[in-house]
Amino acid sequence: MSEVTQTKISDIVEASGSSECSILLSTVRAVGNWARKNSIWPLPLGLSCCGIEFMATAMSRYDMARFGMEVARFSPRQADLLLVAGTLTYKMAAVMTRLYDQMAEPKWVISMGACASSGGMYRSYSVVQGIDEFVPVDFYISGCPPRPDSVLNVLMKLQDKIDRDRTYQLSLATPEPGAAADLAEQAVLTGNRHGAPIALATANERFVVPGPQRAMSRGRKPEETL
Amino acid sequence: MSKVTTSCMRYSDRVPAGISEASQKALAPFKVQWSEHPVHGGWPGCLVSGADWPKVFQALKEQANFELLVDHTAVDYPDRLPERFTVLGLVSNIHTQERIMVRTRVAEGGSVPTLTHLWRSADWAERETFDMFGIRFEGHPELTRIYMPQDFDGWPLRRDFPLQGHNRFRD
(Lines give C-alpha, C1' and ligand atoms only; values in the text may rest on other atoms or scores of the structure.)
Protein backbone atom coordinates (compact mmCIF):
# COMPACT_ATOMS: atom_id res chain seq x y z
CA MET A 1 0.00 0.00 0.00
CA SER A 2 1.34 3.34 -0.96
CA GLU A 3 2.42 5.69 1.76
CA VAL A 4 0.67 8.49 -0.01
CA THR A 5 -2.70 7.14 0.94
CA GLN A 6 -1.79 7.22 4.61
CA THR A 7 -0.48 10.74 4.76
CA LYS A 8 -2.28 13.99 5.05
CA ILE A 9 -0.67 17.16 3.85
CA SER A 10 -1.09 18.71 7.27
CA ASP A 11 0.99 15.87 8.72
CA ILE A 12 3.80 16.60 6.29
CA VAL A 13 3.75 20.26 7.11
CA GLU A 14 3.76 19.47 10.81
CA ALA A 15 6.62 16.99 10.46
CA SER A 16 8.74 19.48 8.58
CA GLY A 17 8.76 21.74 11.61
CA SER A 18 8.11 24.80 9.56
CA SER A 19 4.90 26.45 8.57
CA GLU A 20 6.56 27.55 5.32
CA CYS A 21 7.10 24.03 4.06
CA SER A 22 6.57 24.02 0.28
CA ILE A 23 4.58 21.20 -1.21
CA LEU A 24 3.93 20.72 -4.89
CA LEU A 25 1.13 18.42 -5.86
CA SER A 26 0.90 17.04 -9.34
CA THR A 27 -0.13 13.98 -11.25
CA VAL A 28 2.12 11.15 -12.32
CA ARG A 29 1.17 11.91 -15.87
CA ALA A 30 2.24 15.55 -15.68
CA VAL A 31 5.54 14.83 -13.95
CA GLY A 32 6.38 11.83 -16.09
CA ASN A 33 5.62 13.57 -19.35
CA TRP A 34 7.52 16.65 -18.21
CA ALA A 35 10.59 14.55 -17.52
CA ARG A 36 10.31 12.66 -20.75
CA LYS A 37 9.78 15.58 -23.04
CA ASN A 38 12.77 17.49 -21.68
CA SER A 39 15.22 14.64 -21.99
CA ILE A 40 14.69 13.32 -25.49
CA TRP A 41 17.89 11.61 -26.49
CA PRO A 42 17.95 11.19 -30.24
CA LEU A 43 19.61 8.39 -32.15
CA PRO A 44 20.57 10.18 -35.37
CA LEU A 45 20.51 7.84 -38.33
CA GLY A 46 22.28 10.19 -40.71
CA LEU A 47 22.03 8.55 -44.11
CA SER A 48 22.67 11.46 -46.44
CA CYS A 49 22.59 15.26 -46.60
CA CYS A 50 19.81 15.47 -43.99
CA GLY A 51 22.37 14.13 -41.54
CA ILE A 52 24.53 17.20 -42.17
CA GLU A 53 21.53 19.40 -41.55
CA PHE A 54 20.81 17.58 -38.31
CA MET A 55 24.40 18.19 -37.24
CA ALA A 56 23.83 21.89 -37.86
CA THR A 57 20.73 21.68 -35.68
CA ALA A 58 22.74 20.18 -32.88
CA MET A 59 25.57 22.69 -33.04
CA SER A 60 25.83 26.07 -31.46
CA ARG A 61 24.06 28.25 -34.02
CA TYR A 62 20.74 26.43 -33.68
CA ASP A 63 21.59 24.53 -30.51
CA MET A 64 18.84 22.02 -29.89
CA ALA A 65 20.32 21.53 -26.42
CA ARG A 66 18.06 24.42 -25.46
CA PHE A 67 15.22 21.93 -25.52
CA GLY A 68 16.86 19.16 -23.58
CA MET A 69 17.90 16.91 -26.42
CA GLU A 70 21.54 17.63 -26.83
CA VAL A 71 22.72 14.15 -26.00
CA ALA A 72 22.81 12.40 -29.33
CA ARG A 73 23.15 8.73 -28.51
CA PHE A 74 24.78 6.30 -30.87
CA SER A 75 23.53 3.31 -28.95
CA PRO A 76 19.86 2.50 -29.49
CA ARG A 77 19.59 1.22 -25.94
CA GLN A 78 20.14 4.73 -24.62
CA ALA A 79 17.99 6.60 -27.10
CA ASP A 80 14.37 7.73 -27.02
CA LEU A 81 14.04 9.16 -30.51
CA LEU A 82 15.02 7.53 -33.77
CA LEU A 83 15.71 10.39 -36.16
CA VAL A 84 15.98 8.94 -39.67
CA ALA A 85 17.75 11.64 -41.65
CA GLY A 86 18.26 10.73 -45.25
CA THR A 87 17.80 8.19 -47.99
CA LEU A 88 16.96 4.74 -46.70
CA THR A 89 17.75 1.82 -48.96
CA TYR A 90 16.17 -1.59 -48.58
CA LYS A 91 19.50 -2.98 -47.50
CA MET A 92 19.79 -0.36 -44.77
CA ALA A 93 16.15 -0.83 -43.77
CA ALA A 94 17.05 -4.07 -42.00
CA VAL A 95 19.60 -2.14 -39.95
CA MET A 96 17.09 0.57 -39.13
CA THR A 97 14.40 -1.84 -37.96
CA ARG A 98 16.96 -3.63 -35.83
CA LEU A 99 17.99 -0.35 -34.22
CA TYR A 100 14.34 0.51 -33.64
CA ASP A 101 13.68 -2.86 -32.04
CA GLN A 102 16.63 -2.39 -29.71
CA MET A 103 15.35 0.94 -28.41
CA ALA A 104 13.52 0.80 -25.11
CA GLU A 105 9.97 2.09 -24.77
CA PRO A 106 8.88 4.81 -24.79
CA LYS A 107 10.32 5.62 -28.19
CA TRP A 108 9.48 7.98 -30.99
CA VAL A 109 10.43 8.22 -34.65
CA ILE A 110 10.94 11.28 -36.79
CA SER A 111 11.23 10.95 -40.54
CA MET A 112 13.45 13.81 -41.62
CA GLY A 113 13.34 15.03 -45.19
CA ALA A 114 11.75 14.00 -48.47
CA CYS A 115 13.78 10.82 -48.88
CA ALA A 116 12.95 9.31 -45.51
CA SER A 117 9.31 10.34 -45.80
CA SER A 118 8.57 9.25 -49.35
CA GLY A 119 11.72 8.12 -51.10
CA GLY A 120 12.14 11.66 -52.39
CA MET A 121 13.53 11.92 -55.87
CA TYR A 122 14.80 8.34 -55.68
CA ARG A 123 11.84 6.51 -57.14
CA SER A 124 14.06 3.53 -57.57
CA TYR A 125 14.35 -0.18 -56.97
CA SER A 126 16.82 0.24 -54.15
CA VAL A 127 15.27 3.06 -52.10
CA VAL A 128 12.53 2.60 -49.51
CA GLN A 129 9.56 4.74 -50.54
CA GLY A 130 8.99 6.08 -47.03
CA ILE A 131 10.34 4.64 -43.79
CA ASP A 132 6.80 4.11 -42.50
CA GLU A 133 6.89 0.88 -44.47
CA PHE A 134 8.99 -0.43 -41.60
CA VAL A 135 8.57 1.65 -38.44
CA PRO A 136 5.73 3.77 -37.03
CA VAL A 137 6.52 7.43 -37.61
CA ASP A 138 5.45 10.20 -35.23
CA PHE A 139 6.46 13.19 -37.34
CA TYR A 140 7.51 13.84 -40.90
CA ILE A 141 9.68 16.84 -41.78
CA SER A 142 9.37 18.24 -45.28
CA GLY A 143 12.32 19.64 -47.14
CA CYS A 144 15.26 18.47 -49.18
CA PRO A 145 17.00 18.77 -46.83
CA PRO A 146 14.93 20.53 -44.15
CA ARG A 147 16.39 23.62 -42.57
CA PRO A 148 17.43 23.32 -38.93
CA ASP A 149 14.47 25.56 -38.08
CA SER A 150 12.14 22.87 -39.36
CA VAL A 151 13.89 20.24 -37.30
CA LEU A 152 13.60 22.37 -34.18
CA ASN A 153 9.95 23.05 -34.93
CA VAL A 154 9.17 19.37 -35.19
CA LEU A 155 11.20 18.55 -32.09
CA MET A 156 9.07 21.04 -30.17
CA LYS A 157 5.94 19.52 -31.67
CA LEU A 158 7.19 16.17 -30.48
CA GLN A 159 7.52 17.65 -27.01
CA ASP A 160 3.90 18.74 -27.21
CA LYS A 161 2.92 15.27 -28.27
CA ILE A 162 4.80 13.71 -25.36
CA ASP A 163 3.09 16.19 -23.07
CA ARG A 164 -0.27 14.92 -24.29
CA ASP A 165 0.79 11.31 -23.84
CA ARG A 166 -1.74 9.37 -21.78
CA THR A 167 0.54 6.50 -20.84
CA TYR A 168 0.52 7.69 -17.24
CA GLN A 169 -3.20 8.36 -17.25
CA LEU A 170 -4.81 7.27 -14.01
CA SER A 171 -8.07 5.47 -14.26
CA LEU A 172 -10.11 3.46 -11.82
CA ALA A 173 -10.73 -0.17 -12.34
CA THR A 174 -14.39 -1.00 -12.37
CA PRO A 175 -15.09 -3.17 -9.33
CA GLU A 176 -16.91 -6.40 -9.80
CA PRO A 177 -20.46 -6.38 -8.38
CA GLY A 178 -20.31 -7.74 -4.88
CA ALA A 179 -16.55 -7.39 -4.58
CA ALA A 180 -14.94 -6.75 -1.23
CA ALA A 181 -14.94 -3.20 -0.01
CA ASP A 182 -11.19 -2.70 -0.31
CA LEU A 183 -11.25 -3.92 -3.89
CA ALA A 184 -13.73 -1.24 -4.73
CA GLU A 185 -11.15 1.37 -3.86
CA GLN A 186 -8.40 -0.08 -5.90
CA ALA A 187 -7.12 1.88 -8.82
CA VAL A 188 -5.14 0.74 -11.75
CA LEU A 189 -2.70 2.83 -13.70
CA THR A 190 -3.24 2.25 -17.35
CA GLY A 191 -1.97 3.74 -20.55
CA ASN A 192 -2.78 3.41 -24.17
CA ARG A 193 0.42 3.90 -26.07
CA HIS A 194 0.14 2.84 -29.71
CA GLY A 195 -3.52 2.11 -29.12
CA ALA A 196 -2.91 -0.91 -26.93
CA PRO A 197 -3.63 -0.52 -23.21
CA ILE A 198 -0.75 -1.31 -20.93
CA ALA A 199 -0.97 -1.64 -17.17
CA LEU A 200 1.65 0.11 -15.10
CA ALA A 201 0.36 -1.30 -11.83
CA THR A 202 -1.35 -4.57 -11.29
CA ALA A 203 -4.90 -4.78 -10.06
CA ASN A 204 -3.81 -6.43 -6.82
CA GLU A 205 -1.59 -3.55 -5.88
CA ARG A 206 -3.30 -0.69 -4.10
CA PHE A 207 -1.92 2.32 -5.82
CA VAL A 208 -4.02 5.28 -4.90
CA VAL A 209 -2.81 8.70 -5.81
CA PRO A 210 -4.54 11.63 -4.16
CA GLY A 211 -5.69 14.23 -6.55
CA PRO A 212 -8.74 15.83 -8.01
CA GLN A 213 -8.93 13.30 -10.80
CA ARG A 214 -9.47 10.35 -8.49
CA ALA A 215 -11.61 12.30 -6.12
CA MET A 216 -13.96 13.43 -8.79
CA SER A 217 -14.19 10.02 -10.28
CA ARG A 218 -15.33 8.75 -6.90
CA GLY A 219 -17.88 11.51 -6.52
CA ARG A 220 -16.05 13.33 -3.75
CA LYS A 221 -14.53 16.73 -3.47
CA PRO A 222 -10.74 16.91 -3.64
CA GLU A 223 -10.42 18.05 -0.04
CA GLU A 224 -12.07 14.92 1.26
CA THR A 225 -9.46 12.72 -0.33
CA LEU A 226 -6.61 14.53 1.30
CA MET B 1 11.83 8.22 -76.99
CA SER B 2 14.26 5.80 -78.56
CA LYS B 3 15.89 3.07 -76.58
CA VAL B 4 19.33 1.72 -77.34
CA THR B 5 18.60 -1.96 -77.55
CA THR B 6 21.24 -3.08 -80.03
CA SER B 7 24.90 -2.30 -80.16
CA CYS B 8 26.07 0.15 -82.78
CA MET B 9 29.61 -1.20 -82.51
CA ARG B 10 31.20 -2.39 -85.76
CA TYR B 11 34.14 -4.75 -85.75
CA SER B 12 36.81 -5.58 -88.30
CA ASP B 13 40.22 -7.18 -88.47
CA ARG B 14 41.94 -3.85 -88.95
CA VAL B 15 44.07 -2.97 -85.96
CA PRO B 16 43.29 0.58 -84.87
CA ALA B 17 45.95 3.15 -84.14
CA GLY B 18 47.27 3.23 -80.63
CA ILE B 19 47.77 -0.51 -80.22
CA SER B 20 51.39 -1.18 -79.43
CA GLU B 21 53.35 -3.99 -81.01
CA ALA B 22 53.64 -5.73 -77.68
CA SER B 23 49.88 -5.78 -77.37
CA GLN B 24 49.42 -7.11 -80.87
CA LYS B 25 52.00 -9.80 -80.18
CA ALA B 26 50.26 -10.80 -76.96
CA LEU B 27 46.90 -11.01 -78.72
CA ALA B 28 48.24 -12.83 -81.78
CA PRO B 29 47.20 -16.37 -80.66
CA PHE B 30 43.57 -15.35 -80.27
CA LYS B 31 40.77 -14.55 -82.65
CA VAL B 32 40.33 -10.85 -82.04
CA GLN B 33 38.05 -8.40 -83.78
CA TRP B 34 38.83 -4.73 -83.39
CA SER B 35 36.25 -2.02 -83.18
CA GLU B 36 36.31 0.32 -86.14
CA HIS B 37 36.28 3.52 -84.20
CA PRO B 38 38.01 4.09 -80.94
CA VAL B 39 35.13 4.66 -78.60
CA HIS B 40 34.68 5.08 -74.86
CA GLY B 41 37.01 8.02 -74.47
CA GLY B 42 39.22 7.02 -77.34
CA TRP B 43 40.31 3.67 -75.97
CA PRO B 44 40.68 1.04 -78.64
CA GLY B 45 38.43 -1.94 -78.13
CA CYS B 46 38.33 -5.50 -79.23
CA LEU B 47 35.93 -8.40 -79.19
CA VAL B 48 37.00 -11.89 -78.14
CA SER B 49 35.18 -15.14 -77.59
CA GLY B 50 34.01 -16.16 -74.15
CA ALA B 51 36.36 -19.13 -74.06
CA ASP B 52 39.36 -16.85 -74.75
CA TRP B 53 38.25 -14.26 -72.17
CA PRO B 54 40.64 -15.10 -69.28
CA LYS B 55 43.47 -16.12 -71.60
CA VAL B 56 43.37 -12.78 -73.40
CA PHE B 57 43.66 -10.93 -70.12
CA GLN B 58 46.41 -13.23 -68.92
CA ALA B 59 48.39 -12.64 -72.12
CA LEU B 60 47.90 -8.88 -71.90
CA LYS B 61 48.92 -8.84 -68.26
CA GLU B 62 51.94 -11.13 -68.47
CA GLN B 63 53.29 -10.36 -71.93
CA ALA B 64 52.30 -6.75 -72.55
CA ASN B 65 52.44 -5.31 -69.02
CA PHE B 66 48.76 -4.49 -68.67
CA GLU B 67 48.93 -4.67 -64.90
CA LEU B 68 45.85 -2.73 -63.93
CA LEU B 69 42.23 -3.78 -64.31
CA VAL B 70 40.62 -0.37 -64.52
CA ASP B 71 37.01 -1.35 -65.00
CA HIS B 72 34.86 -4.39 -65.43
CA THR B 73 31.18 -4.21 -66.21
CA ALA B 74 28.56 -5.20 -68.74
CA VAL B 75 26.06 -3.69 -71.15
CA ASP B 76 22.62 -5.06 -71.98
CA TYR B 77 21.28 -5.04 -75.54
CA PRO B 78 18.00 -6.94 -75.14
CA ASP B 79 17.24 -7.03 -78.88
CA ARG B 80 20.58 -8.54 -79.83
CA LEU B 81 19.71 -12.19 -79.41
CA PRO B 82 20.81 -14.63 -78.33
CA GLU B 83 23.92 -12.96 -76.91
CA ARG B 84 22.27 -9.92 -75.39
CA PHE B 85 25.03 -8.99 -72.93
CA THR B 86 28.41 -7.49 -73.64
CA VAL B 87 30.85 -8.03 -70.81
CA LEU B 88 33.79 -5.69 -70.91
CA GLY B 89 37.05 -5.24 -69.10
CA LEU B 90 39.30 -2.22 -69.38
CA VAL B 91 42.98 -2.91 -68.76
CA SER B 92 45.76 -0.38 -68.55
CA ASN B 93 49.49 -0.47 -69.01
CA ILE B 94 50.49 1.99 -66.32
CA HIS B 95 53.97 2.44 -67.83
CA THR B 96 52.89 3.50 -71.30
CA GLN B 97 49.36 4.69 -70.47
CA GLU B 98 48.05 2.31 -73.11
CA ARG B 99 44.54 1.07 -72.56
CA ILE B 100 42.51 -1.65 -74.25
CA MET B 101 38.85 -2.37 -73.69
CA VAL B 102 38.24 -6.07 -74.18
CA ARG B 103 34.69 -7.23 -74.81
CA THR B 104 32.91 -10.51 -75.08
CA ARG B 105 29.30 -11.45 -75.58
CA VAL B 106 27.18 -13.76 -73.51
CA ALA B 107 23.59 -14.92 -73.70
CA GLU B 108 21.04 -14.67 -70.91
CA GLY B 109 21.71 -17.45 -68.43
CA GLY B 110 25.21 -17.92 -69.83
CA SER B 111 28.47 -17.49 -67.99
CA VAL B 112 31.91 -16.00 -68.50
CA PRO B 113 35.15 -17.29 -66.94
CA THR B 114 36.31 -15.27 -63.96
CA LEU B 115 39.33 -12.98 -63.84
CA THR B 116 39.81 -13.23 -60.10
CA HIS B 117 42.93 -15.39 -60.47
CA LEU B 118 44.55 -12.51 -62.39
CA TRP B 119 43.33 -9.51 -60.38
CA ARG B 120 41.91 -9.57 -56.88
CA SER B 121 40.03 -6.42 -57.82
CA ALA B 122 37.98 -8.45 -60.29
CA ASP B 123 36.28 -10.11 -57.31
CA TRP B 124 33.94 -7.31 -56.34
CA ALA B 125 33.64 -6.04 -59.91
CA GLU B 126 32.31 -9.39 -61.07
CA ARG B 127 30.01 -9.59 -58.09
CA GLU B 128 28.63 -6.21 -59.07
CA THR B 129 28.12 -7.31 -62.67
CA PHE B 130 26.38 -10.43 -61.41
CA ASP B 131 24.25 -8.40 -59.04
CA MET B 132 23.12 -5.93 -61.68
CA PHE B 133 22.86 -8.15 -64.78
CA GLY B 134 22.62 -11.75 -63.59
CA ILE B 135 25.70 -12.80 -65.57
CA ARG B 136 27.50 -15.68 -63.88
CA PHE B 137 31.29 -15.86 -63.68
CA GLU B 138 32.67 -19.38 -63.65
CA GLY B 139 35.31 -19.97 -61.01
CA HIS B 140 34.47 -16.92 -58.91
CA PRO B 141 35.15 -17.68 -55.22
CA GLU B 142 31.92 -16.18 -53.88
CA LEU B 143 29.47 -15.04 -56.51
CA THR B 144 26.75 -13.41 -54.40
CA ARG B 145 24.96 -10.10 -54.59
CA ILE B 146 27.14 -7.21 -53.46
CA TYR B 147 24.79 -4.18 -53.57
CA MET B 148 21.25 -5.50 -53.36
CA PRO B 149 19.78 -7.50 -50.48
CA GLN B 150 20.39 -11.20 -50.85
CA ASP B 151 16.67 -11.86 -51.24
CA PHE B 152 16.25 -9.24 -53.95
CA ASP B 153 14.29 -10.41 -56.98
CA GLY B 154 15.49 -9.25 -60.40
CA TRP B 155 18.51 -7.74 -62.13
CA PRO B 156 18.22 -3.97 -61.91
CA LEU B 157 20.52 -2.83 -64.74
CA ARG B 158 18.90 -5.00 -67.38
CA ARG B 159 16.98 -2.78 -69.75
CA ASP B 160 13.77 -4.74 -69.29
CA PHE B 161 13.85 -4.13 -65.54
CA PRO B 162 11.02 -1.72 -64.65
CA LEU B 163 12.20 1.79 -63.91
CA GLN B 164 9.69 2.09 -61.09
CA GLY B 165 7.01 0.04 -59.44
CA HIS B 166 9.33 -2.79 -58.56
CA ASN B 167 9.38 -2.14 -54.84
CA ARG B 168 8.06 -4.90 -52.72
CA PHE B 169 6.14 -2.82 -50.22
CA ARG B 170 4.75 0.12 -52.11
CA ASP B 171 4.18 0.88 -55.76
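In this predicted model, the exposed residues A:Ala94, A:Arg98 and A:Asp101 are carried on the face of helix α4 of chain A that is turned away from its buried side. The buried residues of α4(A) are A:Tyr90, A:Met96 and A:Tyr100; viewed down the helix axis, these buried residues fall within an arc of 85°, so they line one face of the helix. They pack against β1 (42–46) and β2 (81–85) of chain A. The length of α4(A) is consistent with its residue count, because the 13 residues (90–102), at 1.5 Å a residue, should span 18 Å, and the end C-alpha atoms are 19 Å apart.

Chain B contains an open sheet of six strands in the order β1-β2-β3-β6-β5-β4, with mixed pairing. Strands β1 and β4 (68–76) of chain B stand at the edges with a single partner strand each, so that one side of each is left without a neighbour in the sheet. Strand β4(B) pairs with β5(B) (residues 85–93) in the antiparallel sense over eight bridges, and B:Ser92 of β5(B) is the bridge partner of B:Leu68. Helix α2 of chain B (residues 53–63) packs on the sheet, where it touches β5 and β6 (98–106) of chain B, and its direction makes about 170° with that of β6(B). Helix α3(B), in turn, lies across β4 and β5 of chain B and runs at about 10° to β4(B).

As to confidence, chain B averages a pLDDT of 85, with 87% of the residues scoring at least 70. Among the elements of chain B, the mean pLDDT is highest for helix α3 (residues 122–133), at 94, and lowest for strand β1 (residues 11–12), at 82. For the complex, the predictor gives an ipTM of 0.72 and a pTM of 0.70.

Note on methods
Residues are numbered from 1 along each chain as its sequence is written. Chains are lettered from A and ligands numbered from 1 in the order in which they are written. This is a predicted model: local features need pLDDT of at least 70, side-chain atom pairs count only at pLDDT 80 or more; totals for chains, interfaces and linings use all residues. Helices (H or I, at least four residues) and strands (E, at least two) are DSSP runs, numbered from the N terminus. The expected span of a helix is 1.5 Å times one less than its number of residues. A residue is buried if 20 or more other C-beta atoms lie within 10 Å of its own, exposed if 12 or fewer, and partly exposed in between; C-beta atoms are placed from the backbone. The arc is that of the directions from the helix axis to the C-beta atoms. Two residues are in contact if their C-beta atoms, placed from the backbone, lie within 7 Å. pLDDT is the predictor's confidence in each residue, from 0 to 100. Two strands pair if DSSP finds at least two bridges between them. Axes are lines fitted to C-alpha atoms, for helices over the stretch in contact, and angles run from 0 to 180 degrees between N-to-C directions.
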